[in-house]
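Let's take a walk through this protein together, from its overall layout down to a single side chain. Have the sequence and the model open as you read.

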Amino acid sequence: MAADNGRIGATEVGISPLSAGRISAREGQYVEAGDALVRMTPGQLEGQLRRAEIGVVTAQSRVPRARAELHAP
């Protein structure tokens, strides 16, 4: 068995989610890579999905005009 003196260091990192959610970690709680720190509610995710779907429909509706302009003399 070997023994040695050493120093263990830690890094404190500030985080903020890109979207609103409920923080599931407590202040001072030790966490590891891969731990869930923020939980989003289904309603928040559904709202983001609806906005993304509207963006897709809007973009698709612009394709014919863009193609026509591309091939215009």
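Across the protein, pLDDT averages 81, and 79% of the residues score at least 70. Where pLDDT is low, the predicted coordinates should not be read in detail.

This is a predicted model, in which local features need pLDDT of at least 70 and side-chain atom pairs count only at pLDDT 80 or more, while totals for chains, interfaces and linings use all residues. Residues are numbered from 1 along each chain as its sequence is written, and side-chain values use heavy atoms, with hydrogens and water left out.

Now for the layout. Helix 1 covers residues 42-71 and spans 44 Å from its first C-alpha to its last. Follow helix 1 along to Val63 and you will find a kink of about 30°, shortly before Pro64; the bend is the angle between axes fitted to the seven residues ending there and the seven starting there.

Finally, look at the loop between strand 1 (22-23) and strand 2 (38-39), where Gln29 is found. A polar atom of the Gln29 side chain lies 2.8 Å from the backbone nitrogen of Arg26.

Terms used. Helix = DSSP H or I, 4+ residues; strand = E, 2+ residues; numbered from the N terminus. Polar contact = N/O pair within 3.5 Å; in protein donor to acceptor, adjacent residues only side chain to side chain. Expected span 1.5 Å × (residues − 1). pLDDT = per-residue confidence, 0-100.
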